Amino acid sequence: MSPLDDQGRPEPPLAGDEIATVLGFLDFQRATLAWKCAGLDADGLRATAGASSMTLGGLLKHLAYVEDEWSAYWLHGRDRQPPWDTVDWKADPDWDWHSAADDTPEQLHALWREAVDRSRALVAQALADGGPGRLARRTRSDGRAPSLRWILLHLVEEYSRHNGHADLIRESVDGLTGE
């Protein structure tokens with residue numbers, strides 16, 4: 001078990017192998033989002049900062065989509081599952097962001113936690129079936145497939161970028177700050 005920081009986030013291993021280190025940083029970023037969104041009511045999860053329409057609830061729903069999209073759809077080649085399977089993404093590419101306003105805090109947190117749990121299990125399965133170099137089942141239009149290594153680092157990047165947004169939004173809601 002990893003040591004926890006003051007906010008209850010697991011510290012990435014200081015001397016782990018490639019996968020333990022990448023997964024450690026990904027779990028740290030996931031825990032940062034959970035911390036930034038914790039304890040807020042619906043109004044808090046709908047709050048925006050500045051001119052942006054981005055909300056913490058939207059972040060939870062978007063990152064749930066990102067987890068499912070990369071671990072199930074791309075990596076394992078599975079069909080999209082609810083709620084993602086009925087969305088017309090071409091007509092509404094920001095559906096995950098704005099539809100979060102219609103969900104309760106409990107629904108948003110559960111959707112995200114369940115997507116993270118699925119993603120962890122699917123990544124573990126892929127690691128056992130080829131390691132970090134294992135290629136995704138789906139390919140881009142040019143026929144190239146991202147490796148599991150690329151997908152994991154993309155998830156770290158996605159969380160890192162959006163956790164910066166979460167910092168600003170959460171501070172505007174109730175003043176909570178911190179790394």
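**Close-up views of a predicted model**

**View 1. E171 in helix α6.** E171 has its place in helix α6 (helices are DSSP runs of H or I with at least four residues, numbered from the N terminus). This is a predicted model, in which local features need pLDDT of at least 70 and side-chain atom pairs count only at pLDDT 80 or more, while totals for chains, interfaces and linings use all residues. Residues are numbered from 1 along each chain as its sequence is written, and side-chain values use heavy atoms, with hydrogens and water left out. The relative accessible area of E171 is 42%, so E171 is partly exposed (buried is under 20%, exposed over 50%, partly exposed in between, with a 1.4 Å probe and protein chains only). From E171 to T86 the separation is 85 residues in sequence and 34 Å in space, C-alpha to C-alpha.

**View 2. Packing of α1 with α6.** Helix α1 (residues 18-37) packs against helix α6 (residues 148-174) at an angle of about 25 degrees, and their axes are 9 Å apart (axes are lines fitted to C-alpha atoms over the stretch in contact, and angles run from 0 to 180 degrees between N-to-C directions). The two helices, α1 and α6, are therefore roughly parallel to each other (angles under 35 degrees count as roughly parallel, over 145 as roughly antiparallel, 65 to 115 as roughly perpendicular and the rest as oblique). In the contact of α1 with α6 there are 14 nonpolar, four polar and six charged residues (Ala, Val, Leu, Ile, Met, Phe, Trp, Tyr, Cys and Pro count as nonpolar, Asp, Glu, Lys and Arg as charged, the others, Gly among them, as polar).

**View 3. Packing of α1 with α3.** The axes of α1 and α3 cross at roughly 155 degrees and come within 10 Å. Helices α1 and α3 are therefore roughly antiparallel to each other.

**View 4. Aromatic cluster.** One aromatic cluster is formed by Y65, W84, W89 and W95. The structure holds seven aromatic pairs (rings of Phe, Tyr and Trp, the last by its six-membered ring, pair if their centres lie within 6.5 Å; planes under 30 degrees apart count as stacked, over 60 as edge-to-face and the rest as tilted). Among them, W89 and W95 pair edge-to-face, 6.0 Å centre to centre with 85 degrees between the planes. W89 has a relative accessible area of 18% and is therefore buried.

**View 5. Cis peptide bond.** The bond from P82 to P83 is cis, with omega near 0 degrees. P83 is found in the loop between α3 (56-75) and α4 (95-98).
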